[in-house]
Amino acid sequence: MKDIRFSALAATLLTVGILGLSPAMGQDKMKMNHGAMKMKAPADVTEAEAKGKINSVDADSGKVNVTHEPVEALGWPTMTMDLPVTRRVDLSAVKPGADVTFKLKKGRDDQFRITEITPAK
């Protein structure tokens with residue numbers, strides 16, 4: 001009887017653990033936390049350009065949520081993620097639903113930030 005309860009508990013914990021690691025499961029788009037990404041861009045690449053769609057803007061935190069196309073220079077696949085922006089980016093001009101082109105630059109902390117956002121052509 002103890003073995004059955006232990007197995008059931010272990011299965012429950014494993015399921016909760018797996019779901020906890022994948023909060024986007026069951027959603028159409030994968031949402032990534034850029035700071036927690038395990039992928040590393042090539043060390044010599046410090047800037048890149050990408051195209052995507054703005055999903056939300058958080059001016060207070062200085063970040064946008066964007067679904068972007070693959071960023072070949074960085075080895076990033078298509079994904080939805082929060083990206084920080086530099087102070088130069090005027091977030092009052094950025095609206096959810098907008099198709100955009102944006103430039104990324106690697107900071108001293110090895111995190112990429114958006115340095116420029118323009119309407120997609």
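In which strand does His 68 lie? Select His 68: the residue lies in strand E3, where strands (E, at least two residues) are DSSP runs numbered from the N terminus. This is a predicted model, in which local features need pLDDT of at least 70 and side-chain atom pairs count only at pLDDT 80 or more, while totals for chains, interfaces and linings use all residues. Residues are numbered from 1 along each chain as its sequence is written, and side-chain values use heavy atoms, with hydrogens and water left out.

**Around His 68**

His 68 is buried at 1% relative accessibility; buried means under 20% relative accessible area, exposed over 50%, and partly exposed in between (1.4 Å probe, protein chains only). Show its contacts next (heavy atoms within 4.5 Å). Leaving aside residues up to four places away in sequence, His 68 touches Lys 51, Gly 52, Trp 76, Pro 77, Thr 78, Met 79, Met 81 and Phe 102.

**Thr 67**

Step back to Thr 67, which also belongs to strand E3 and is buried, with a relative accessible area of 17%. Its side chain makes a polar contact with the side chain of Asn 55 at 2.9 Å and another with the side chain of Thr 80 at 2.7 Å. A polar contact here is a pair of N or O atoms within 3.5 Å; within protein, one must be able to donate a hydrogen and the other to accept it, and residues adjacent in sequence count only if both atoms are side-chain atoms.

**The nonpolar core**

Now select Leu 74, Trp 76, Leu 83, Phe 102, Leu 104, Ile 114 and Ile 117. These have the most contacts inside the largest nonpolar core, which has 22 residues. Such a core is a set of buried Ala, Val, Leu, Ile, Met, Phe, Trp, Tyr and Cys residues joined through side-chain atoms within 4.5 Å. Two or more residues come from each of strand E2 (47-58), strand E3 (63-68), strand E4 (79-84), strand E5 (99-106) and strand E6 (112-119). In soluble globular proteins, nonpolar side chains tend to be buried together.

**Strand E5 and its partners**

E2 and E5 run antiparallel and are joined by seven bridges; two strands pair if DSSP finds at least two bridges between them. Glu 49 stands opposite Lys 103 of E5. E5 and E6 also pair in the antiparallel sense, over seven bridges, and Val 100 has Pro 119 in E6 as its bridge partner. The two strands E5 and E6 form a hairpin with five residues between them, and Asp 110 in the turn has a positive phi of about 70 degrees.

**Salt bridges**

How many salt bridges does the rule give? The count comes to four, a salt bridge being a side-chain nitrogen of Lys or Arg within 4 Å of a carboxyl oxygen of Asp or Glu.

- Glu 116 and Lys 103 meet at 3.9 Å, N to O. The pair links distant parts of the chain, Glu 116 in strand E6 and Lys 103 in strand E5, 13 residues apart. Glu 116 is partly exposed at 32%, and Lys 103 is partly exposed at 35%.
- Lys 106 bridges to Asp 110, with the closest N and O atoms 3.9 Å apart. Lys 106 is partly exposed at 21%, whereas Asp 110 is exposed at 52%.
- Asp 109 and Arg 113 meet at 2.7 Å, N to O. Asp 109 is partly exposed at 45%, and Arg 113 is partly exposed at 23%.

Technical notes:
Helix = DSSP H or I, 4+ residues; strand = E, 2+ residues; numbered from the N terminus.
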